[in-house]
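Biologist: Can you show me the model? I'd like to go through it with you.
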Amino acid sequence: MKIRVYYEDTDCGGIVYHSAYLNFCERARSEVFFKKGLTPILNSGHFVAKKLEADYISSAKLGDELEVVTKLVEVRAASFVLLQTIFKDNGIPSGHKKIFEMSITLAYITFEGKLQKITKDVEELVESLFGR
């Protein structure tokens, strides 16, 4: 997913806030569902962030165009792990520089907030959306 950095994403020096990278990744995850005519809220539950590890490699600035790439790492009994990487065009033909990377574990919960097992249907959906 391509994302443009807007003024609201930056500090007074035009550098992207650290928390904005998490927002960019959230938008990219949701967009995968929306492009298939779905939402991240399923009939039997939804996903919440349980754990993440972020690596801030380089800064993005006001006006930059970024690309968020999301890949499925692992499906577990009640959660799955994604690797999300943000790239910035580095000005050379077909060149993109990795500026951020995050591993995120998303837990599958009921609408009452209880952890639940990922069914075969949900696992197949996750795999079809995010690949292996």
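Biologist: What span should helix 1 have, and how far apart are its end C-alpha atoms?
Modeller: The 18 residues of helix 1 should span 26 Å at 1.5 Å a residue, and the end C-alpha atoms are 27 Å apart, which agrees. The expected span is 1.5 Å times one less than the number of residues. Helices (H or I, at least four residues) and strands (E, at least two) are DSSP runs, numbered from the N terminus.
Biologist: Where do these numbers come from?
Modeller: This is a predicted model, where local features need pLDDT of at least 70, side-chain atom pairs count only at pLDDT 80 or more, and totals for chains, interfaces and linings use all residues. Residues are numbered from 1 along each chain as its sequence is written, and side-chain values use heavy atoms, without hydrogens and water.
Biologist: Which residues of helix 1 are buried?
Modeller: Among them are A20, Y21, F24 and F33. Buried means under 20% relative accessible area, exposed over 50%, partly exposed in between (1.4 Å probe, protein chains only).
Biologist: How many aromatic pairs are there?
Modeller: The whole structure has eight. Rings of Phe, Tyr and Trp (its six-membered ring) pair if their centres lie within 6.5 Å; planes under 30 degrees apart count as stacked, over 60 as edge-to-face and the rest as tilted. Y21 and F24 are edge-to-face, at 6.1 Å and 75°.
Biologist: What about Y21 and Y56?
Modeller: Their centres are 5.6 Å apart and their planes at 80°, so this pair is edge-to-face. Y21 lies in helix 1 and Y56 in strand 2, so the pair ties together parts 35 residues apart in sequence.
Biologist: Is Y56 buried, partly exposed or exposed?
Modeller: Y56 is partly exposed, at 39% relative accessibility.
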